[in-house]
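Dear colleague,

Please find below the structure that I am handing over to you, together with its sequence.

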Amino acid sequence: MYLNYEILLNGYKTIYLGESVPIESLKGVKKHFDNIIYISYWTVQPTREGIDDYLKEISTEIIDANSHFWVLGRMTEFIDINSLPKNFSVFTAISDLVSKL
């Protein structure tokens, strides 16, 4: 939630969806908005073993040429950054993400 406030403070519009939103539920967002940046803060989910599958599903089901996926949090240390598509970004701190806004 803190990150949501930082984004608002920088003048951007946000839709705060809360925790544990199923990927299927994100499909509806695409119908109403263009140029979306999805931001996810990973603390315990997805699990270390499920990260690759989760990223693959996000990439095929949600992200298109006009959208981006930004992620930060403890579980990002298990992401193979070299295998990510170009519209995916991994941040090590909230301040890093905010500076990219």
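Please note that the model is predicted. I begin with Ser 40, which is part of strand β1, the stretch covering residues 37-41. Its relative accessibility is 16%, below the 20% cut-off, and Ser 40 therefore counts as buried. Beyond its neighbours within four places in sequence, Ser 40 is in contact with Phe 69, Trp 70, Val 71 and Leu 72. Asp 96 is 56 residues from Ser 40 in sequence, and their C-alpha atoms are 14 Å apart in space.

The sheet may be described next. Three strands make up an open sheet with parallel pairing, in the order β1-β2-β3. Strands β1 and β3 (88-91) are at the edges with a single partner strand each, so one side of each has no neighbour in the sheet. From one strand to the next, the twist averages 20 degrees. Strands β2 and β3 run parallel and are joined by 4 bridges. Trp 70 is positioned opposite Ser 89 in β3.

At least two lining residues come from each of α1 (2-9), α2 (23-30), β1 and β2 (68-72), and β1 gives the most, with 5 residues. By type, the lining of the largest pocket comprises 27 nonpolar, 8 polar and 3 charged residues.

Yours sincerely

Key
Residues numbered from 1 in each chain as written. Predicted model: local features only at pLDDT ≥ 70, side-chain atom pairs only at ≥ 80, totals over all residues. Heavy atoms only, no water. Buried < 20%, exposed > 50% of the residue type's maximum accessible area, 1.4 Å probe, protein only. Contact = heavy atoms within 4.5 Å. Nonpolar A, V, L, I, M, F, W, Y, C, P; charged D, E, K, R; others polar. Pairing = 2+ DSSP bridges. Axes fitted to C-alpha atoms, helices over the stretch in contact; angles between N-to-C directions.
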